[in-house]
Amino acid sequence: MDRLPDQFHANLRLVFVGTAASTRSAAVRHYYAHPGNRFWRALHEAGITPRRYRPDEFAALLALGIGFTDLSKTGAGMDHEIARHTFDVIGFRAKIESWRPHTIAFTSKKAASLFYRRPTSAIALGRQPPMRGFPEVFVLPSPSGAASGHWTLQPWRELAEWIKIGS
């Protein structure tokens with residue numbers, strides 16, 4: 001069973017991609033639901049959303065052209081707690097190719113490293129080099145409270161500017 005439902009429809013302007021639901025998010029079935037997670041604040045502060053949404057309002061972002069998914073739909077917890085075999089990069093790529101969003105944003109270097117099959121140390125924050133036949137890709141610093149030492153809002157602001165230009 002999926003811990004969190006995908007939030008997709010065709011031609012979204014942006015899809016956020018995490019590694020897996022946190023334990024809290026899986027329990028309440030809302031994306032980025034842990035109180036220490038900066039996701040919802042960052043969305044608003046960066047200018048991606050017109051107001052600060054709550055985790056229980058995640059489905060409302062579809063109306064703004066924003067969707068959600070995770071690379072592991074069955075795992076939950078911190079990244080190191082997720083069974084490696086539950087990360088479905090091939091299934092994720094198929095979803096993206098089917099729904100064709102304009103931009104995807106990985107919400108951590110870990111998620112991007114799984115997608116690109118490179119170590120996190122080889123992943124840069126921000127806009128990634130284009131891949132033929134695939135949406136624009138951004139890598140954002142993790143909004144998780146566990147990643148506080150690496151937090152910066154700047155790549156989120158770059159994403160906000162990009163989606164405004166591309167809208």
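This is a predicted model: local features need pLDDT of at least 70, side-chain atom pairs count only at pLDDT 80 or more; totals for chains, interfaces and linings use all residues.
Residues are numbered from 1 along each chain as its sequence is written, and side-chain values use heavy atoms, with hydrogens and water left out.

Let's start with charge. How many salt bridges does the count come to? By the rule of a side-chain nitrogen of Lys or Arg within 4 Å of a carboxyl oxygen of Asp or Glu, the count is seven. I'll take you through some of them.

Arg51 pairs with Glu57, with the closest N and O atoms 2.8 Å apart. Are these two buried or exposed? Here buried means under 20% relative accessible area, exposed means over 50%, and partly exposed is in between, using a 1.4 Å probe and protein chains only. Arg51 is partly exposed at 36%, while Glu57 is buried at 15%.

Next, Arg54 forms a salt bridge with Asp56, and their closest N and O atoms are 2.9 Å apart. Arg54 counts as partly exposed at 47%, and Asp56 also counts as partly exposed, at 41%.

Further along, Arg127 and Glu136 meet through their side chains in a salt bridge, 2.9 Å from N to O. Arg127 is partly exposed, with a relative accessible area of 44%, whereas Glu136 is buried at 19%. As for Arg51, Arg54, Asp56 and Glu57, salt bridges that share partners join them into one network.

Now to the inside. A nonpolar core here is a set of buried Ala, Val, Leu, Ile, Met, Phe, Trp, Tyr and Cys residues joined through side-chain atoms within 4.5 Å. The largest one has 26 residues, and those with the most contacts inside it are Phe16, Trp40, Ile48, Phe68, Trp156 and Leu159.

Which elements give two or more residues to this core? They are β1 (14-18), α2 (39-46), β2 (66-70) and α5 (154-166); helices (H or I, at least four residues) and strands (E, at least two) are DSSP runs, numbered from the N terminus. The largest share, five residues, comes from α2.

Have a look at Phe68. Leaving aside neighbours within four places in sequence, Phe68 is in contact (heavy atoms within 4.5 Å) with residues including Phe16, Tyr31, Phe39, Trp40 and Leu61.

Finally, there is a second, separate core of 22 residues, which includes Phe8, Val17, Leu71 and Phe92.
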